[in-house]
Amino acid sequence: MLIKRGIAVSPGVAIGPAMVFGAESYRIPQQLISVNVVEVELTRFRAALEATCQEIQLNEQLARERLGDQYAAIFSAHLLLARDPQLIEQIESRIRQQNSPEFAASQVLRLYAKRMRDLGGQYLAERSIDIVDLEKRLVRNLLGERREELSNLTAPVLVLANNLTPSETANLDRKFVLGFATEVGGHTSHTAILAGALELPAVVGIGKFLDDVSGSEMIIIDGSHGVVIIDPDPDTLVKYRDSEARFRSHERRLQSLRTLACETKDGVPIKLMGNIEFPTEAEPSRDKGASGIGLYRTEFLYLESNREPTEDDHYRAYCQVLKAFPGEPVVIRTLDLGSDKMPGPLRAAYPDSVNPALSIRSIRLSLKHLELFKTQVRAVLRAAVLGDLRIMFPMISTLLEFRQARMVLCDVAEDLEEQGVPYRGDIPVGMMVEVPAAAVMAEEFAREVDFFSLGTNDLIQYTLAVDRADQAVAGLYRSGDPSIIRLIRMVVEAGKNNNIPVSVCGQMSSDPMFIPLLVGLGIRQISVTPHAIPELKEVIRNLTIERAVSIAERASSLEVARDVENYLWGELKKLCPESMQLD
Ligand code: PEP
Ligand code: MG
């Protein structure tokens with residue numbers, strides 16, 4: 001049994017067989033073969049091995065010609081290994097035991113690599129990488145065109161990967177993927193956010209562990225505590241099956257709060273809305289108790305499919321969300337493409353970005369690709385006829401940028417007017433406050449915008465200079481940092497002075513620990529991952545405004561994030577002792 005720890009990003013327990021989604025995006029199948037195809041599969045394995053040896057020989061030759069003998073020696077060593085009779089016999093014997101050749105080869109070579117690493121020392125660790133390299137080549141040759149994609153699963157699995165891009169995550173088949181764990185990733189990476197949206201237990205930022213997994217093991221993913229267990233022993237399995245059941249009953253208890261008002265103990269209403277990435281999430285969000293959508297991340301329309309969405313694709317998606325929330329606000333955030341969410345065709349247009357998070361992203365991209373932007377805005381204004389639709393621009397850093405975006409809205413309204421297309425032009429226009437410059441200038445912005453929504457995920461990233469998706473700096477990514485509290489206070493003040501609403505839609509507001517602080521700072525609207533709604537409602541219903549204000553005051557007086565977070569955690573335990581028992 002092997003226990004790995006990472007960052008808990010989506011709660012719940014999942015138990016099932018592992019599926020390794022390799023760095024090269026193909027899976028290592030775990031199938032058994034029938035007795036009568038063993039000979040055929042042995043022949044297929046030998047052919048793939050021969051093709052692999054030829055590839056290596058070619059590389060050896062090229063390396064000798066271009067780089068010299070010492071580099072060619074690397075491939076000579078690979079070749080020696082690939083032709084090692086003992087190794088071949090071990091793989092073939094597993095095939096004779098009815099394992100697929102891909103699985104047999106992968107398992108034997110991973111075992112070799114692990115034994116070499118376990119001997120210790122830099123030299124042997126590096127040699128073990130040669131074995132991993134051979135495994136990749138061999139499996140690739142075996143799979144050939146039969147590469148299996150994550151979207152084509154036929155049985156339940158737990159996905160283990162070095163990384164999953166947001167679009168890969170968006171395309172996970174929820175029927176078969178029970179949870180996932182990745183080597184890289186941070187707390188508020190888009191992959192992590194999607195895990196929550198899909199309600200898949202997930203752990204990210206584990207560090208290197210895939211080399212220790214062959215793909216056949218039973219796995220436990222504990223997304224509430226950030227633990228992954230490979231090959232659990234029977235006692236551990238029993239324990240986790242029990243906590244899986246407790247988690248479900250806890251969820252059922254919270255779900256019973258669904259029909260109760262979302263207000264503090266002393267009767268102050270707090271508007272709790274949902275963050276969604278797909279229109280299909282709208283109804284489930286409402287069922288969890290959301291009173292509107294505070295953030296619809298529309299860029300996922302691009303990431304879900306290989307083609308660019310048309311105006312009608314946008315329109316249909318917005319209508320579907322509005323239909324789930326008659327009379328309630330639905331905030332369409334315009335495309336936040338770029339950085340880790342760049343669709344194929346646009347990626348080619350910006351190949352050399354040194355730091356994509358600071359480059360052509362979000363509103364900058366929309367303003368550079370006006371046709372793409374106008375297509376979306378047309379759909380928003382058309383759909384607005386059907387309900388309380390609002391529009392919000394992401395990543396605004398300067399007033400000029402906001403004014404430019406607003407101008408596009410006016411242009412589009414004029415076009416629709418001229419064309420006689422039904423639309424609504426007077427919808428509320430808001431902005432995300434997720435760049436420190438916007439928070440600092442909130443007073444000026446507040447005179448021109450209709451509402452603010454604090455995007456703490458990026459606000460923290462840009463304020464603390466910590467990449468939100470990089471596990472190497474995950475320990476430095478702190479929502480409780482005093483600088484963040486101060487920025488939130490500034491934005492709330494600006495909202496109050498200018499009489500415009502301020503909500504929080506970053507992951508910080510989905511974490512129950514931060515609710516008393518946010519309410520105490522004056523926040524009365526939050527938009528969160530839908531599955532967090534019942535738990536947050538419980539916190540709110542146990543809180544009075546007086547207590548929230550005193551918690552916010554005390555938290556604001558502390559100087560380091562760790563002290564703030566410890567303090568808030570302690571307060572939460574006092575507020576909701578029943579929920580905390582689960583930990
Ligand atoms: C944020 O930055 O807090 C936010 C809500 O936007 P996203 O997570 O989509 O970047
Ligand atoms: Mg953001």
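Visitor: How far is an oxygen atom of ligand 1 from an N or O atom in the side chain of Arg333?

Guide: This is a predicted model, and the distance is computed from its atoms. A polar contact requires a pair of N or O atoms within 3.5 Å. The pair formed by an oxygen atom of ligand 1 and a side-chain N or O atom of Arg333 is separated by 2.9 Å.

Visitor: Which side chain has a polar atom 2.7 Å from an oxygen atom of ligand 1?

Guide: The side chain of Asp458 has an N or O atom 3.0 Å from an oxygen atom of ligand 1. The value of 2.7 Å belongs to a polar side-chain atom of Arg468.

Visitor: What percentage of the accessible area of ligand 1 does the protein cover?

Guide: On its own, ligand 1 has 290 Å² of accessible area.

Visitor: Where does ligand 1 sit, and which element gives the largest share of its shell?

Guide: Ligand 1 is placed in the largest cavity. Helix 7 (190-197), strand 10 (293-297) and helix 18 (456-464) each give two or more residues to the shell around the ligand. The largest share, 3 residues, is that of helix 18.

Visitor: How many charged residues does the shell around ligand 1 have?

Guide: There are 17 residues around ligand 1, and among the nearest are Arg297, Gly455 and Asn457. By class, the shell contains 4 nonpolar and 5 polar residues, and its charged residues number 8.

Visitor: What is the volume of the largest cavity, and which elements give two or more residues to its lining?

Guide: The search of the whole structure finds 1 cavity of 30 Å³ or more. The volume of the largest cavity is about 80 Å³. Its lining has 15 residues, with Met432 and Glu434 among the closest to the centre. The elements that contribute two or more residues to this lining are strand 10 and helix 18.

Conventions
Residues are numbered from 1 along each chain as its sequence is written. Chains are lettered from A and ligands numbered from 1 in the order in which they are written. This is a predicted model: local features need pLDDT of at least 70, side-chain atom pairs count only at pLDDT 80 or more; totals for chains, interfaces and linings use all residues. Side-chain values use heavy atoms; hydrogens and water are left out. A residue is near a molecule or strand if one of its heavy atoms lies within 4 Å of it. A polar contact is a pair of N or O atoms within 3.5 Å; within protein, one must be able to donate a hydrogen and the other to accept it, and residues adjacent in sequence count only if both atoms are side-chain atoms. Accessible areas come from the Shrake-Rupley method with a 1.4 Å probe; for residues, only the protein chains shown count as cover. On a 1 Å grid over the protein atoms alone, a cavity is a set of points where a 1.4 Å probe fits but cannot get out, and a pocket is an open set with protein on both sides within 12 Å along at least five of seven lines; lining residues have an atom within 4 Å of a point. A molecule sits in a cavity or pocket if more than half of its atoms lie within 2 Å of its grid points. Helices (H or I, at least four residues) and strands (E, at least two) are DSSP runs, numbered from the N terminus. Ala, Val, Leu, Ile, Met, Phe, Trp, Tyr, Cys and Pro count as nonpolar, Asp, Glu, Lys and Arg as charged, and the others, Gly among them, as polar. Grid points are joined across faces, edges and corners, and a volume is the space filled by probe spheres set on the points.
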